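Thanks for making time this morning.

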Amino acid sequence: MTAPRIEINLKKIRHNARHLVQRLSRRSVRVTGVTKAVCGHPEIAQAMLDGGVSELADARIENIERIRQSGIKCPMSLIRTPMQSQAGRVIKGCDTSFNTELDVIQMLSKSAQHMNTRHNVVLMVEMGDLREGIQPDDLKGFVRDVLITPNITLKGIGANFACLNSIVPDHKTMIELSNLINNLEAECDLLLEMVSGGNSANLPWAFNCKYVGRINNLRLGESILLGVDPITGARIDGLFTDAFTIFAEVIETKVKPERNCWRMDGSKSSAIHVVIDNSKAMQSILAIGYQDTDIEGLSLPINISFIGATSDHMILDTGAVSLAIGAEVKLRPNYSALMRAMSAPNIKKVVHNRRRLPKDNAALQLTPNLTLI
Ligand SMILES: *Cc1c(COP(=O)(O)O)cnc(C)c1O
C-alpha cells in the first residue's frame, strides 16, 4: 500500500460524536462538529453528522466550500473571523460566521444585500484566552450596531478558551459568561438563539458542573476526532483515541557504529556536560518528515524511540529489533500532527467504514435506469 498514509476509521469518529452528543444533550447542550483539523474532509464531516452533531464549523472558507461541494447541506459556520476579502464567499458558503470586527460585519452585510440573502453572526467575547473576542465592556454597544445592520441577524454569543493561553474554563468563568448574556438580553431586549460556550477544553466543566447556565452549544473538534482532553491529553471516558493511524515505510536499517551526541547529564548543576553515547543500537529511517507532519506529535510503538527528524526523514532507535526494509511503522498522531498530515498532499488518506456522501446519492438518482449486476 502507498506510504506514507493516514488511515481513518469513520466508525470510531461516528461513535465519538454520538457519545459526546448524547452525554451533552442531557445537559441541553448541542454540539457543533469542528472539521478544521481534517481540512474539511467531507467523509469525516459526514461521520460527525451521522453521530448527531447539529451543525458543522471550520476556520477556513476553503474547507467549508470543500464540504459543500460534497453535497452536505447542514448549517455551517465559519469560526474564524472572516477576511473582508472573502466576504462574498462567506455569504455563499456559510449560514453563520463568528465575528469580532464591525468593519467585517459591514462587509458581510453589503455582500448579503448584494446577493439578496441574510447572514447570521455569532459575536465572540473575550473571556481570558486573549485570542479573538470583543471586550465584555464593549459588547453592548457592539450588539446595538449589529442589530441595525441590514441583512445581518444576531444569532448568538460565543467564547473561546485554552487556545492561545491555557486558561481552563472553570465554573466561575462560565457563570460570568452566563451573567453577561442575561444582562445583555435584558438591556438590549433580545433573546439569543445560541450561546456557544467553547471547545473541547470545556468538556470537564460541562460534564461536572452543577448547572450549565445559559450555555447551549459547544464546538468540538479534538475530542470527537482524537477522543482526548486537549489540556491534559488524557482519554475521555467512552471515546476511541485511535480513529487515525499514520503508516510510514522503513527505508534504511543499520547498526550505526557510534553515536556521539551532546546531552545534559541530568545533574542539577547548570553546566552542560558532554556525554559520549557508545551504544550500538539498531537504527531505522522512515520516509516521513517535517514536510509531512509534526513529527514530535507522533506516538511510536513500544520499544521504539525517537532519535531525530529532518524535512524528509524520521530516525528511530529500535533497540535489539531490526526492522525490515519496506516494513511499515504505525504512528499515532496528536492534534497538531493530525492537522498537518491531513493537509499534506504527499500523505494518502485511506478511509475505512465509509458511507455514501449526499453527492454520490445524487449521482445515483441521475441514472435511474442503471442496473447494478
Ligand atoms: C478550533 C476551534 C474550536 C474547536 O476546538 P477543539 O479543541 O478542537 O475542540 C472551537 N472554536 C474555535 C473558535 C476554534 O478555533
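**Loops, pockets and cysteines**

Let's start with Asn-353, which sits in the loop between β18 (348–352) and α11 (358–366). Keep in mind that this is a predicted model. Most residues other than glycine have a negative phi. Is Asn-353 buried or exposed, or partly exposed? Partly exposed, at 37% relative accessibility.

Look for Asn-151 in the loop between α6 (139–147) and β7. Asn-151 counts as buried, because its relative accessible area is 19% and the cut-off for buried is under 20%.

One more backbone point, back at the start of the chain. Most peptide bonds are trans. The bond from Ala-3 to Pro-4 is cis, with omega near -5°. Pro-4 belongs to the segment before β1 (5–9).

What is the volume of the largest pocket? About 740 Å³. Its lining has 33 residues, and the closest to the centre are Lys-36, Arg-131, Cys-163, Asn-199 and Tyr-335. Two elements give two or more residues to that lining: β9 (217–220) and α10 (335–343). The largest share is from α10, with 4 residues. By class, the lining splits into 15 nonpolar, 9 polar and 9 charged residues.

The second largest pocket has a volume of about 180 Å³. Residues lining the second largest pocket include Arg-30, Glu-55, Lys-155 and Glu-193. Asn-216 and Asn-217 are also among them. The class count for this lining is 2 nonpolar, 4 polar and 4 charged.

Which residues of α10 are buried? Ala-337, Leu-338, Ala-341 and Met-342. They span an arc of only 125° around the axis, so they lie on the same side of α10. At the N-terminal end, Asn-334 is the cap. A side-chain oxygen of Asn-334 is 3.1 Å from the backbone nitrogen of Ser-336.

Next, cysteines. How many disulfides are there? The count is 0. Take Cys-163, one of the residues closest to the centre of the largest pocket. Its closest cysteine sulfur is in Cys-39, 17 Å away, so that is too far for a bond. For reference, a disulfide needs the two sulfur atoms within 2.5 Å. Cys-163 is partly exposed, at 38% relative accessibility. Cys-94 has its closest cysteine sulfur in Cys-74, at 11 Å, and that too is too far for a bond. Cys-94 is buried, with a relative accessible area of 5%.

Last stop, Ile-167. Where is Ile-167? In the loop between β7 (152–159) and α7 (171–188). Ile-167 is partly exposed, with 34% relative accessible area. Along the chain, Ile-167 and Arg-144 are 23 residues apart. Their C-alpha atoms are separated by 29 Å.

That's my tour. Questions, please.

Definitions and conventions
Residues are numbered from 1 along each chain as its sequence is written. This is a predicted model: local features need pLDDT of at least 70, side-chain atom pairs count only at pLDDT 80 or more; totals for chains, interfaces and linings use all residues. Side-chain values use heavy atoms; hydrogens and water are left out. On a 1 Å grid over the protein atoms alone, a cavity is a set of points where a 1.4 Å probe fits but cannot get out, and a pocket is an open set with protein on both sides within 12 Å along at least five of seven lines; lining residues have an atom within 4 Å of a point. Grid points are joined across faces, edges and corners, and a volume is the space filled by probe spheres set on the points. Ala, Val, Leu, Ile, Met, Phe, Trp, Tyr, Cys and Pro count as nonpolar, Asp, Glu, Lys and Arg as charged, and the others, Gly among them, as polar. Buried means under 20% relative accessible area, exposed over 50%, partly exposed in between (1.4 Å probe, protein chains only). The arc is that of the directions from the helix axis to the C-beta atoms. A polar contact is a pair of N or O atoms within 3.5 Å; within protein, one must be able to donate a hydrogen and the other to accept it, and residues adjacent in sequence count only if both atoms are side-chain atoms.
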